[in-house]
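These are my notebook entries on a structure that I had not examined before. I set down what I looked up, entry by entry.

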Amino acid sequence: MRYFAVKPDMGSEVWSTLIIGNYGAVEDFMDFGRWSYVAVLIFVILGSIWLEVFLRTRVLRRPKRLLLTIAPVLLPFLVWDAYAISQGHWYFTESRILGVYLPAGIPLDELLFFIVIPFAAILTLEAVRSFKGTQSARWQVGDEVS
Amino acid sequence: MTYTAIGVLAVAIAVLLDLFAFKTRMVTRPIFWVSYAIIVFFQLISNGLFTGTQIVKYNGSAIIGGTSPADVAPPFLGDGRIAFAPVEDLLFGFSLVLLSLSLWVFWGRRGIDRTPVSGPPMWRK
């Protein structure tokens, strides 16, 4: 394990210390090897799935709507991802992703990202709707059951 | 095109689809902005994990800020970054979230899996 001091000239020393304490270095924080990327996705799922139970969002009980939402959004974003990767806009630390690639060099982790993030976003929307109720026109979106 | 340019374009396309293609008008609804406020807070955390731990790195020629350093974390704030991640990620995230929520509502309005509806919270009933 490497323990770089975070370089003061990067301007991140103070903030990093505030966030991760004296762990050592940001790059060693949350190092799960090849599962590092997936670990962040699991963090996102754990951070949102409880809404399904405690706020009764019932998103998983509407699988057709969920699939029809995630699949079409996934496609243009994978195209964007493929373009960005081909142009070198962003790149990955290969030791921290699964190492399985889709066509156009897209890491499998990225495909999972485009499934998990929209799912978490929908859970959040439905959680706010659960909390606010849909009686008032102010909080309606037009799919309410009268 | 740079990440910055594609990000702005993606937000514009997402807003146009929401308003004129799906006609869900999410960007005019308080429910969307309350949800987005919650989402963007958690986006900064998860994005910070992706970029701060260098799972994902960025090329300075594609973003407002500089290239991610080879072996240390990028700046937490400043040099075009927020929570280690390029500010462009906010455009990326906004377009992904708006499109997802708009399409989810679009299908609901069309009667696809309108039920079971969300709520009430467990503690209310």
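**Entry 1: the model.** I noted at the outset that this is a predicted model. The predictor assigns the complex an ipTM of 0.97 and a pTM of 0.91.

**Entry 2: overall form of chain B.** I listed three helices and four strands in chain B. Read from the N terminus, the elements of chain B follow the order α-α-β-β-β-β-α. The C-alpha trace of chain B spans about 50 × 40 × 20 Å along its principal axes. I then looked up the radius of gyration: chain B has 17 Å, while a compact globule of 125 residues would have a value near 14 Å. Of the 125 residues of chain B, 47% count as buried. Where residues at least 6 apart in sequence are in contact within chain B, 58% of these contacts join residues at least 24 apart.

**Entry 3: the sheet of chain B.** I traced an open sheet of three strands in chain B, in the order S2-S3-S4 and with antiparallel pairing. Its edge strands are S2 (77–78) and S4 of chain B, each of which pairs on one side only. Strand S3 (residues 81–82) of chain B is joined to S4(B) over two bridges in the antiparallel sense. Within S4(B), B:Ala85 is the residue opposite B:Ile82.

**Entry 4: helix H2 of chain B.** I asked what span the 23 residues of helix H2 (residues 30–52) of chain B should have. I next looked for buried residues in H2(B) and found several, including B:Phe32, B:Tyr36, B:Ile39, B:Leu49 and B:Phe50. Which elements cover the buried residues of H2(B)? They include H2 and H4 of chain A, along with S1, strand S4 (85–86) and helix H3 (88–109) of chain B. Just after H2(B), B:Gln54 adopts a positive phi of about 60°.

**Entry 5: the contact between the chains.** I recorded 62 residues from chain A and 53 residues from chain B in the contact. On the side of chain A that touches chain B, H4(A) gives the most, with eleven residues. The residues on this side of chain A divide into 33 nonpolar, 15 polar and 14 charged. Strands also meet across the contact: S1(A) and strand S1 (residues 56–58) of chain B pair in the antiparallel sense over three bridges. I identified B:Tyr58 in S1(B) as the bridge partner of A:Trp90.

**Entry 6: backbone details.** In the segment after H3 of chain B I located B:Pro116, and the peptide bond from B:Thr115 to B:Pro116 is cis, with omega near 0°. B:Pro120 is also in the segment after H3 of chain B; the bond from B:Gly119 to B:Pro120 is cis, with omega near 0°. B:Asp113, again in the segment after H3 of chain B, has a positive phi of about 45° although it is not a glycine.

Is B:Asp113 buried or exposed? I counted B:Asp113 as buried because it has 21 C-beta neighbours inside 10 Å, and the cut-off for a buried residue is 20 or more. In chain A, A:Ala104 is in the loop between S1 and H4, and its phi is positive, near 70°. A:Ala104 is exposed, with 12 other C-beta atoms within 10 Å.

Terms used:
Residues are numbered from 1 along each chain as its sequence is written. Chains are lettered from A and ligands numbered from 1 in the order in which they are written. This is a predicted model: local features need pLDDT of at least 70, side-chain atom pairs count only at pLDDT 80 or more; totals for chains, interfaces and linings use all residues. Two residues are in contact if their C-beta atoms, placed from the backbone, lie within 7 Å. Ala, Val, Leu, Ile, Met, Phe, Trp, Tyr, Cys and Pro count as nonpolar, Asp, Glu, Lys and Arg as charged, and the others, Gly among them, as polar. Two strands pair if DSSP finds at least two bridges between them. The expected span of a helix is 1.5 Å times one less than its number of residues. The radius of gyration is taken over C-alpha atoms; the globule rule is 2.2 Å times the number of residues to the power 0.38.
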